[in-house]
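The sequence and coordinates come first.

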Amino acid sequence: MSIAYLIGMAVGIAAAIALVVVAVKRGERYQDKNRPSEYDERQKAARGRAFQVGFFTLLGYNGLCCLLDAAEVRWCEPMNATVLGIFLSATVFVVTAIRLDAYLKMNENLKSTIWLWVLILICNGVPMVMHGLDGELFWYRNGMLGGNWTNALCFAMAAVALGVQLAHSWAQRKEDAE
């Protein structure tokens, strides 16, 4: 790797961290200060269930990867397989927590969460497009899944989470209106 590439990566990571910090601080500004910023008992139990589902997803995925490795089926580069498992289990946790209405705290602002998902989509969509324009968007090489696809994973996770969050919010508003 060249020095310019490493510097670009460091600057990109620093910019992403700065954007997330700004988004979180901006979201804190819109919280209602009169209500406690905690999860209620139902949400705590639901989050525990979501963590459990995410953990068992990761456990099952790793077991499947071990079986495929034992059978000498090389479908993915080892580091990519690890990252895929992490993103898969995190996505399962987020979707489960949102569906059980336990992702946001009692007074947490939905708009700030939606903007955070949009920010993640932008931060990962731009590198995907740039790699595509450079002709480097290869996800399959040497007969295995590999290459520049971590941004695509993060993009997909954020897109799924945003979609589920919006659908849940819409359903909740419709239910409240009735």
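## Terms and basis

Buried means under 20% relative accessible area, exposed means over 50%, and partly exposed lies in between, with a 1.4 Å probe and protein chains only. By that scale D101 is partly exposed, with a relative accessible area of 28%.

This is a predicted model, in which local features need pLDDT of at least 70 and side-chain atom pairs count only at pLDDT 80 or more, while totals for chains, interfaces and linings use all residues. Residues are numbered from 1 along each chain as its sequence is written, and side-chain values use heavy atoms, with hydrogens and water left out.

## Overall fold

The protein has 5 helices and 2 strands. Helices (H or I, at least four residues) and strands (E, at least two) are DSSP runs numbered from the N terminus. Along the sequence the pattern reads α-α-α-α-β-β-α.

Of the 178 residues in the protein, 31% are buried. Contact means heavy atoms within 4.5 Å. Among contacts between residues at least 6 apart in sequence, 79% join residues at least 24 apart.

## Helix 2

Helix 2 covers residues 41–70. Its 30 residues reach 43 Å from the first C-alpha to the last, close to the 44 Å expected at 1.5 Å a residue; the expected span is 1.5 Å times one less than the number of residues.

The buried residues of helix 2 are Q43, A46, R47, A50, G54, Y61 and C65. These buried residues pack against helix 3, residues 78–99.

## Helix 5 and its two partners

Helix 5 has 28 residues, which should span 40 Å at 1.5 Å a residue, and its end C-alpha atoms are 40 Å apart, in agreement. Its buried residues are A152, L153, C154, M157, A158, A161, L162, V164, Q165, H168 and S169. They pack against helix 3 and helix 4.

## Helix 3 with helix 5

The axes of helix 3 and helix 5 are 9 Å apart, and the packing angle is about 5 degrees. Axes are lines fitted to C-alpha atoms, for helices over the stretch in contact, and angles run from 0 to 180 degrees between N-to-C directions. Helix 3 and helix 5 are therefore roughly parallel to each other; angles under 35 degrees count as roughly parallel, over 145 as roughly antiparallel, 65 to 115 as roughly perpendicular and the rest as oblique. On the helix 3 side the contact is made by V83, L84, F87, A90, T91, V94, V95, I98 and R99, and on the helix 5 side by T150, L153, C154, M157, V160, A161, V164, Q165 and H168.

The residues of this contact divide into 13 nonpolar, 4 polar and 1 charged. In this classing Ala, Val, Leu, Ile, Met, Phe, Trp, Tyr, Cys and Pro count as nonpolar, Asp, Glu, Lys and Arg as charged, and the others, Gly among them, as polar. T91 lies in helix 3 and is buried, with a relative accessible area of 16%. Leaving aside neighbours within four places in sequence, T91 is in contact with M157 and V160.

## Helix 4 with helix 5

Helix 4 (residues 110–133) packs on helix 5 (residues 150–177) at about 155 degrees, with the axes 9 Å apart. That makes helix 4 roughly antiparallel to helix 5. The contact of helix 4 with helix 5 has 17 nonpolar, 6 polar and 1 charged residues.

## Loop residues

Most residues other than glycine have a negative phi.

E72 sits in the loop between helix 2 and helix 3, just after helix 2, and is exposed, with a relative accessible area of 63%. D101 is in the loop between helix 3 and helix 4. V73 also lies in the loop between helix 2 and helix 3 and counts as partly exposed at 38% relative accessibility. V73 and M144 are 71 residues apart in sequence and 9.7 Å apart in space, C-alpha to C-alpha.
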